[in-house]
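Me: I would like to learn how to read a protein model step by step. Can we take one and go through its features in turn?

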Amino acid sequence: MRAADFAYFDAPFLAFAHRGGATYPPNLGRENTLHAFAEAAKLGYRYFETDVHATADGVLVAFHDDRLDRVTDRTGLVADLPYAELKQARIGGVDPIPLFDELLEAHPEVRFNVDAKSDAAVPLLAEAIRRHGAIDRVCVSSFGVRRLHRIRRLLGPEVPTAASQAGIAWNRYAPRLTAMINSAGAALQLPVRHTVAGRTVTVLTESLIKAVHRAGKQVHVWTIDDADEMERLIDLGVDGLFTDRIDILSDVLNRRGLWT
């Protein structure tokens with residue numbers, strides 16, 4: 001699949017508010033909440049990044065970790081808790097964990113990059129996308145290659161997907177990139193560096209970007225919070241960046257005439 005096949009990728013540059021902009025000062029301690037995404041929308045962001053998990057009773061929530069412990073006032077695994085219990089948790093002691101449905105409803109003009117973090121979340125995510133008529137404004141990614149294959153089977157070719165980080169890292173150091181570049185993913189989403197077999201290696205190179213572009217796909221890089229690094233990556237030719245510092249990326253793109 002080529003990025004040009006999907007309206008999702010039609011912006012001149014894709015600026016993703018990672019968890020709504022987790023370290024943007026007004027969002028500190030309130031990542032991945034309705035508040036955080038509203039703050040990103042105020043800055044003009046039209047691409048949001050989030051993750052989804054399924055509760056024990058099959059409710060799809062927008063939440064990054066598999067446990068509540070790090071960012072909420074409760075503890076426990078999301079997958080072990082019924083929604084009635086999970087909805088009592090407060091992120092940073094303030095915000096409830098949003099349903100993915102709530103994000104789609106609160107921001108009908110926004111496009112979402114969604115990482116399905118568990119097998120149980122995959123059919124729920126597919127159902128939510130169809131129920132909200134969001135086929136053209138959700139790109140699905142996952143660290144689990146089998147999850148991506150499953151979401152493609154459930155939703156068909158109309159919904160764009162992104163190739164997994166693990167696959168990209170492996171193929172970067174294989175003899176050829178052909179298998180990954182010719183995959184069904186319309187974008188490759190990856191960090192600048194990745195640990196392979198205990199060794200930190202540079203994944204993102206100019207040659208990789210050129211090869212991906214020749215295949216008609218896009219390259220999105222995460223998670224970049226430094227202005228100089230943003231500038232370097234844009235000069236290198238990437239098509240999008242994920243950032244927690246949504247104010248910094250907005251400033252950089254405005255200076256370069258890439259903000260829409």
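## Reading the model

Reply: Start with asparagine 32, which counts as buried at 1% relative accessibility. Keep in mind throughout that this is a predicted model. The place of asparagine 32 is the loop between E1 and H1, and its phi is near 60°, a positive value in a residue other than glycine.

Me: Where does arginine 19 lie, and is it buried or exposed?

Reply: Arginine 19 lies in the loop between strand E1 (14–18) and H1. With a relative accessible area of 13%, arginine 19 is buried, since the cut-off for buried is under 20%. Phi of arginine 19 is near 55°, again a positive value in a residue other than glycine.

Me: How many helices and strands does the chain have?

Reply: There are 10 helices and 13 strands. For the overall form, compare the radius of gyration with a rule: a compact globule of 260 residues would have a value near 18 Å, and the chain has 18 Å, which agrees. The C-alpha atoms fill a box of roughly 50 × 40 × 40 Å along the principal axes. Of the 260 residues, 56% count as buried.

Me: Which way do the side chains of strand E12 point?

Reply: The general idea is that side chains in a regular strand alternate between the two faces of the sheet. In E12 (residues 218–221), Gln218 and His220 point one way, Val219 and Val221 point the other way, and all are buried.

Me: What does E12 pair with?

Reply: Strand E9 (residues 187–190) runs parallel to E12 and is joined to it by 4 bridges; leucine 188 has valine 219 in E12 as its bridge partner. E12 also pairs with strand E13 (residues 240–243) in the parallel sense, over 2 bridges. Here the partner of histidine 220 is glycine 240 in E13. With helix H9 (residues 227–236), E12 and E13 make a right-handed β-α-β unit. In the loop between E12 and H9 you find threonine 223, and the peptide bond from tryptophan 222 to threonine 223 is cis, with omega near -20°.

Me: Which residues have the most contacts inside the largest nonpolar core?

Reply: They are Phe100, Leu125 and Leu241, in a core of 55 residues. Helix H4 (residues 121–131) gives the most to this core, with 7 residues. Apart from this core lies another, of 13 residues, among them Tyr8, Cys139, Ala187 and Phe242.

Me: How do I read aromatic pairs?

Reply: A pair of aromatic rings is described by the distance of the centres and the angle of the planes. The count here comes to 9 aromatic pairs. In one of them, phenylalanine 6 and phenylalanine 9 are edge-to-face, 6.2 Å centre to centre with 75° between the planes. Both phenylalanine 6 and phenylalanine 9 are buried. Tyrosine 45 and tryptophan 259 are also edge-to-face, at 4.9 Å and 75°.

Me: Why does the pair of tyrosine 45 and tryptophan 259 tie together parts that are apart in sequence?

Reply: Tyrosine 45 lies in the loop between helix H1 (34–42) and strand E2 (47–54), and tryptophan 259 in the segment after helix H10 (246–255), so the pair ties together parts 214 residues apart in sequence. Tyrosine 45 counts as buried, at 1% relative accessibility, whereas tryptophan 259, at 21%, counts as partly exposed.

Conventions:
Residues numbered from 1 in each chain as written. Predicted model: local features only at pLDDT ≥ 70, side-chain atom pairs only at ≥ 80, totals over all residues. Heavy atoms only, no water. Core = buried A, V, L, I, M, F, W, Y, C linked by side-chain atoms within 4.5 Å. Buried < 20%, exposed > 50% of the residue type's maximum accessible area, 1.4 Å probe, protein only. Pairing = 2+ DSSP bridges. Right-handed = clockwise from strand over helix to strand, strands pointing away. Phe/Tyr/Trp six-rings, centres within 6.5 Å; stacked < 30°, edge-to-face > 60°. Rg over C-alpha atoms; globule rule 2.2 N^0.38 Å.
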